[in-house]
Amino acid sequence: LLATNEEIVYRTKQHWMAPIFGTITGVLILLGGVVLFILQLTFSTDGFMGLIRTLSFWASLILMVVGVIWVGYSYIQWWVEDFAVTNQKVVKVGGLLNKRTSGSGLEKINDVMMEQGVLGRALGYGTLKVSTASDSMDLNFQTMRAPADFRRAMLDQKVIFEQADARHIAEAVRTASVPAPAPVAAP
């Protein structure tokens, strides 16, 4: 995913809390399945209650399987997502089978907002919101590990990139403004 002469300067992942936040629903479904399974054990096996027990057993089994899949999916999603700052851009890459990338060139970054709650500050995670020159595409890096370090690396690379660009422009202006030597008249 890198261009020619592009190098990764800083790379990180989401914080280990990210899959926990993503799995709250999955865990609740899984717990619901376990509770229903335990509850169905108290039902009688005769008549109508036997039918209710059988239906409750299958419903609890389905809930537990869905809960485990949900938790597993959230973990895999966390595992395959990376955030990187290169010497040319900032990028977020994710996806196990189908890769998804979003990013922006360093020259297009206008502002970077960092949000950290109390728990985020204590555990070292936060959210970065990067506003770009394009109104339609702002980047959100949620529940990322060490967001201040990522922000610093991004802004440092932006300064280096802009200084190199300014030197290149100054050199082009300097060479264009030097008058060509006057032809020497032949004696």
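Which residue in strand 4 is the bridge partner of Val-91? In this predicted model, local features need pLDDT of at least 70 and side-chain atom pairs count only at pLDDT 80 or more, while totals for chains, interfaces and linings use all residues. Residues are numbered from 1 along each chain as its sequence is written, and side-chain values use heavy atoms, with hydrogens and water left out.

The partner turns out to be Gly-103. Strand 3 (residues 89-94) and strand 4 run antiparallel and are joined by 6 bridges; strands here are DSSP runs of E, at least two residues, and helices are runs of H or I, at least four residues, numbered from the N terminus. Two strands count as paired if DSSP finds at least two bridges between them. The open sheet holds 4 strands in the order 1-2-3-4, with antiparallel pairing. Its edges are strand 1 (8-12) and strand 4 (100-105), each pairing on one side only. From one strand to the next, the twist averages 15 degrees (axes are lines fitted to C-alpha atoms, with angles from 0 to 180 degrees between N-to-C directions).

Then there is helix 3. Its 33 residues reach 48 Å from first C-alpha to last, close to the 48 Å expected at 1.5 Å a residue (1.5 Å times one less than the number of residues). Gly-50, Ser-56, Ser-60, Gly-67, Ser-74 and Trp-78 are its buried residues, meaning under 20% relative accessible area with a 1.4 Å probe, protein chains only. Their cover includes helix 1 (17-22), helix 2 (24-40) and strand 7 (139-145). Ser-74, at 8%, touches Pro-19, Gly-22 and Thr-23, leaving aside residues up to four places away in sequence; contact means heavy atoms within 4.5 Å.

How values were computed: Buried means under 20% relative accessible area, exposed over 50%, partly exposed in between (1.4 Å probe, protein chains only).
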